[in-house]
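Subject: Structure handover and findings

Dear colleague,

Please find below the structure that I am passing on to you. My findings follow directly after it.

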Amino acid sequence: MTSAPGVPFLKGHGTENDFVIIPDPDGLLDLTPEAVARLCDRRAGIGGDGVLRVVRSAAHPEAKDMADEAEWFMDYRNSDGSIAEMCGNGARVFARHLERAGLARPGEVAIATRAGVRKAHIAEGGGHVTIAMGAAQLTEPDDGMDEITVSVAGHTWPVRKVGMGNPHAVAFVSDLADAGRLLEAPTVRPAAAYPDGVNVEFVVSRGPRHVALRVHERGAGETRSCGTGACAVMVAAARRDGADPRRDGASVTYTVDVPGGRLEITERPDGEIEMAGPAVIVAEGTIDPALLP
Ligand SMILES: N[C@@H](CCC[C@H](N)C(=O)O)C(=O)O
């Protein structure tokens with residue numbers, strides 16, 4: 001008896017933000033939100049915070065325009081099946097996959113994302129990847145915080161609104177445990193501040209230019225790390241600490257501890273944010289056709 005051929009996949013993570021990677025060069029796979037949720041299910045599926053579909057830019061309608069600059073498009077989906085513009089940890093793992101599969105050499109590789117082209121630098125051996133994440137979008141309110149609040153577990157904090165291609169709300173707290181169990185999404189007010197939903201980061205200081213965070217991700221719940229979130233936190237912390245590389249003409253680097261490891265984030269005088277951290281592939285196999293009918 002022969003069964004239908006399965007679709008190949010890999011599993012990888014960056015600071016324990018984990019992904020199902022599906023090579024689909026010609027963009028033929030009908031990856032429905034239901035299929036993504038089944039794949040990411042940690043009991044009945046492969047398990048992951050999201051899916052990284054690896055498609056040739058020229059073969060994907062959302063990436064065709066970037067095909068001259070970046071051969072590969074990262075089609076990122078959250079574990080609930082929703083689509084997001086960008087995933088920082090995912091981009092490092094995506095670059096690692098390209099290098100491991102012989103689709104990119106160690107050195108620089110451009111990746112098309114819904115937030116635009118991002119350049120990754122893959123270290124020899126591939127385990128460490130640096131990504132140029134673009135500039136943060138943030139306002140400069142007089143008191144350093146936007147008039148937005150986040151509430152969870154009986155606490156309410158003001159937040160800094162930061163865009164990293166996707167939306168973030170950064171709250172400085174005195175104890176990461178104050179965010180409670182984060183089984184539900186924190187309430188951000190006014191809701192109109194984030195019409196497409198939001199990723200929420202809770203941050204404490206660990207020392208000079210050193211912070212730690214917990215994150216509740218839009219479409220995925222609490223995760224062990226969020227690369228775009230770490231970048232948003234870095235910028236919010238730098239402004240809180242009085243540092244602004246565009247104004248000061250000097251780069252600033254923060255160490256950002258996440259529950260799943262450590263990221264180094266640098267903001268340059270031209271506004272570009274660079275994120276450096278690990279990218280690991282842990283498994284490969286074939287998806288049971290029942291998960292991807
Ligand atoms: N974990 C990611 C962010 C993934 C997308 C996010 N949940 C959203 O919906 O914007 C990262 O490492 O940046």
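The shell around the ligand divides by class into four nonpolar, 11 polar and two charged residues. In this classification, Ala, Val, Leu, Ile, Met, Phe, Trp, Tyr, Cys and Pro count as nonpolar, Asp, Glu, Lys and Arg as charged, and the others, Gly among them, as polar. This is a predicted model, in which local features need pLDDT of at least 70 and side-chain atom pairs count only at pLDDT 80 or more, while totals for chains, interfaces and linings use all residues. Residues are numbered from 1 along each chain as its sequence is written.

The ligand is surrounded by 17 residues, the closest being Ala84, Asn89, Asn166, Gly227 and Thr228; a residue is near a molecule or strand if its C-beta atom, placed from the backbone, lies within 6 Å of it. Two or more residues of this shell come from each of α2 and α3 (227–240), and α2 gives the most, with three residues. Helices (H or I, at least four residues) and strands (E, at least two) are DSSP runs, numbered from the N terminus. Domain 1 (7–135 + 279–287) and domain 2 (137–270) each contribute at least three residues to the shell.

These domain bounds come from an automatic or database domain assignment. The C-alpha centres of domain 1 and domain 2 lie 24 Å apart. Across the interface, 20 residues of domain 1 are in contact with 17 residues of domain 2, where contact requires C-beta atoms, placed from the backbone, within 7 Å of each other. On the side of domain 1 that touches domain 2, α2 (88–100) and β7 each supply at least two residues. The largest share of that side, three residues, comes from α2. Its residues divide into five nonpolar, 10 polar and five charged.

Turning to the strands, β5 (residues 107–113) and β6 (residues 116–122) run antiparallel and are joined by seven bridges; two strands pair if DSSP finds at least two bridges between them. Alanine 110 has lysine 119 in β6 as its bridge partner. The two strands β5 and β6 form a hairpin with two residues between them. Strand β6 also pairs with β7 (residues 128–135), in the antiparallel sense and over four bridges, and isoleucine 122 stands opposite valine 129 in β7. The hairpin of β6 and β7 has five residues between the strands, and glycine 125 there takes a positive phi near 95 degrees.

Strand β1 (residues 7–14) pairs with β20 over seven bridges in the antiparallel sense, with proline 8 opposite threonine 286 in β20. Strand β20 (residues 280–287) is hardly covered, as the count of buried residues among its eight residues is zero. A residue is buried if 20 or more other C-beta atoms lie within 10 Å of its own, exposed if 12 or fewer, and partly exposed in between, with C-beta atoms placed from the backbone.

Finally, leucine 29 is found in the loop between β2 (17–23) and α1 (33–40). Leucine 29 is classed as partly exposed because 15 other C-beta atoms lie within 10 Å. Leaving aside its neighbours within four places in sequence, leucine 29 is in contact with Val7, Ile22, Asp24 and Arg53. Leucine 29 and alanine 84 are 55 residues apart in sequence and 18 Å apart in space, C-alpha to C-alpha.

Yours sincerely

How values were computed. Two residues are in contact if their C-beta atoms, placed from the backbone, lie within 7 Å.
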